[in-house]
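Please read them with the structure open.

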Amino acid sequence: MEYQHGGDIYSQDIQMDYSANINPLGMPEAVRQALRDCLEREVCSLYPDSRCERLRQALGRHHGVEDKWIICGNGAADLIFGLAAALRPVRGLVTAPAFSEYEQALRSVGCRTDYYYLREDRGFALDAAGMCGCVRAAAERGEPYDVVFLCNPNNPTGIPVKKEEVKQLADTCERLGAYLAVDECFCDFLDNSELYSVIPDLARFTHLFVLKAFTKLYAMAGLRLGYGLCSDSGLLERLQAVRQPWSVSGPAQCAGVAALGETDFAEHTRAVLKGERERLSAALHDLGFQVYPSQAN
């Protein structure tokens, strides 16, 4: 697959890649040790647990949800494409600008994709009420959306949407029969992530699917480990049916369990990035650049 959003340091001579948005502090030492232990315990010689049971239990405790609501994948992108294959949507809606894989996944199953544009004169912040109106208008035209993608905080702007506004969109989608896929892969970088995450509201919305990954915060991009959370057991079964059984390696599963215990690392990351974000923004302003108010990394 052709690279769509950077990260291609293999076919191009790139010295510093600012597009990948990986934690500059690197991988936690506990995760490195867990990977070394995998070699000693011959984890690599065995087929991995296709259900990711231990990892899902750890994730359930971490997020305070039932582990049966969690599905693990080979990075969040694996689940984005899996979701498209499971839903087989006819029409989809994505914000623009946003992570390119949403549209790529929808087009791979023949889905028509519309855009809800984030406006420069609003600082590229989402107008949640306007997006709700867009979803309702499509249904009134007889062309309802089957799935809506929202990245929170958004990639590439780093601007988040308060959870009350996301729930407003989730409620609109629920009433109109559309699934809302909320990508919270960068939510862990926010100073007060609990003000933005809708994971605590999964029981209320059966048409809500939240995407998460270990890629960014724990600098585990090469290990490929993501997960989705949803209270709709039927959708999770359909998603399992279209994915190959050993998509998450044994070492990745062990690394994920180890990473979830690194709460001090996560807090230190947020503190460091807050200071660097403010320093970099101020310096860019001094150079005459327009800087939009990212709250992520």
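1. The model is predicted. Arg224 sits in the loop between β6 (208–213) and β7 (226–229). Its phi is near 60°, a positive value in a residue other than glycine. Arg224 counts as partly exposed because its relative accessible area is 27%, and the range for that class lies between 20% and 50%.

2. Phe124 also deserves a look: its phi is near 65°, again positive in a residue other than glycine. Phe124 is found in the loop between β3 (112–117) and α5 (128–140).

3. One joins Ala96 and Pro97, with omega about 5°; Pro97 belongs to the loop between β2 (91–96) and α4 (101–108). In the other, from Asn152 to Pro153, omega is near -5°, and Pro153 is in the loop between β4 (147–151) and α6 (163–176).

4. How many residues of strand β5 are buried? Five of the five (residues 179–183) are, so β5 is largely enclosed by the rest of the structure. In a regular strand, side chains alternate between the two faces of the sheet. Here Tyr179, Ala181 and Asp183 point one way from β5, while Leu180 and Val182 point the other way, and all are buried.

5. Strand β5 runs parallel to β4, to which five bridges join it; Leu150 has Val182 in β5 as its bridge partner.

How values were computed: Residues are numbered from 1 along each chain as its sequence is written. This is a predicted model: local features need pLDDT of at least 70, side-chain atom pairs count only at pLDDT 80 or more; totals for chains, interfaces and linings use all residues. Side-chain values use heavy atoms; hydrogens and water are left out. Helices (H or I, at least four residues) and strands (E, at least two) are DSSP runs, numbered from the N terminus. Buried means under 20% relative accessible area, exposed over 50%, partly exposed in between (1.4 Å probe, protein chains only). Two strands pair if DSSP finds at least two bridges between them.
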